[in-house]
Amino acid sequence: MGYDERLELADGRLVWYLDEGPDDGVPVVFCHGSPSSRLAAVDHVTRAVEHGGRLIAPDRPGLGRSDPEPGRSLASWAGDVAELLNALRVPRFRVLAVSGGGPYALALAWALPDRVERVALLSSPGSFDIPGAMDGMARAHRMTWLMARWSPQALGWLLGRQAAALKDDPERFEQAIVDSMHGADREALEELDADARRRFITAPLVEALAGGTKGAVEDMRALRAPWGFGVQSIEVPVHLWQGEDDDATPRQMGGWLAAMIPGAEARFLPGEGHISTILRYADEAFDVLLAD
C-alpha cells in the first residue's frame, strides 16, 4: 500500500494509484478532478480510515504517471478500474468523486452495477449536451470546455502555459488561483493553512501535468464529448452535493443529474461554490458513503 503503487494492465499500459487504509476497510475508489491526479486523494485518506474505509485512487490514462490511452471514453476507463480492483482482490466497492471525476464515477456505476454499491458526487458536472448546460459558468471555465470540444490544440497550449507557470513559481501560481476566486470558494481556500492549500491545489496538478498536457486534454475531451451511456439507466444509489453558487459546474448540471438518475439524493447548498462544496462537505459524503 502507498501513494505510488502501479499495475501493468492486460494491454501493457501502466496505471498508477494510491492505496491507503486497512485491508479489511470498505473499499472506496476516488475519482479525481480534471486535470488532477491520485494525489488529490491524500487529504481524504484520514477521513476514509476514520469511517472504516480503504481509499483507492487511480491516475486516469495520461494523467499523473499512468500511461495514455488515446481515444478513450468514460466507459472504457471503467475497464481499467475493474482490472485494477481484480488485481487487488476487491469484488465490490463504493465511489467518491470530485468535480470532473463525477462523470467517470457515473460510468463506473453504469458499467459495473454488480460491483459498485454506492456513489457520492461533490460538485460534479452533468452532460454538456443539455440545453443551457454552461449558462452561469464563469468565462474561463466556459472557454476551457469549448476548447476541449472544438480546439484541443488550443487547450493543450493553455494547459502548457499553466504547467510552465506552475513549474516556474508554484507559490505564485497557487496564490493566483486563490486571487481568481470569489465568495465561498475564496473563503474556503483562505481557511486552509499553507500545507493544506498546497496539497489541494498545486501537488495534484503538478503530478497531473508532469508527463505533459496531452493526457489532460484527452481527459477533458472525454468529459465534453457525449458520454456514451444514459444516466437514467443507473441502478446504483447516487448521492450528490451541489453548490447553488457554483460557477464551474452550474446548478442546472446538478439539477439534471438529480432529475435523471433514478432515486438520486441531492443536496443543493445555498451560498456554496465549486471548491467550497468539495472542501466543506467531504466529511458528510464519507458519512453517507460508508454508513452501515
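Student: Why is Ser 99 called buried?

Tutor: Its relative accessibility is 17%. Buried means under 20% relative accessible area, exposed over 50%, and partly exposed in between (1.4 Å probe, protein chains only). So Ser 99 counts as buried. This is a predicted model: local features need pLDDT of at least 70, side-chain atom pairs count only at pLDDT 80 or more, and totals for chains, interfaces and linings use all residues. Residues are numbered from 1 along each chain as its sequence is written, and side-chain values use heavy atoms, with hydrogens and water left out.

Student: Where is Ser 99?

Tutor: Ser 99 sits in the loop between β5 and α3. Helices (H or I, at least four residues) and strands (E, at least two) are DSSP runs, numbered from the N terminus. Ser 99 is not a glycine, yet has a positive phi of about 50 degrees.

Student: What makes Arg 89 exposed?

Tutor: The relative accessible area of Arg 89 is 77%. The cut-off is over 50%, so Arg 89 is exposed. Arg 89 also has a positive phi, about 60 degrees, without being a glycine. Its loop runs between α2 (74–87) and β5 (93–98).

Student: Which residues of helix α10 are buried?

Tutor: In α10 (residues 251–260) they are Met 253, Gly 254, Trp 256 and Leu 257.

Student: How do you know that they are on the same side of α10?

Tutor: They cover an arc of only 155 degrees around the axis, which puts them on the same side. The arc is that of the directions from the helix axis to the C-beta atoms.

Student: What do the buried residues of α10 pack against?

Tutor: They pack against α3 (102–111), β6 (116–122), β7 (238–243) and β8 (265–269). Contact means heavy atoms within 4.5 Å.
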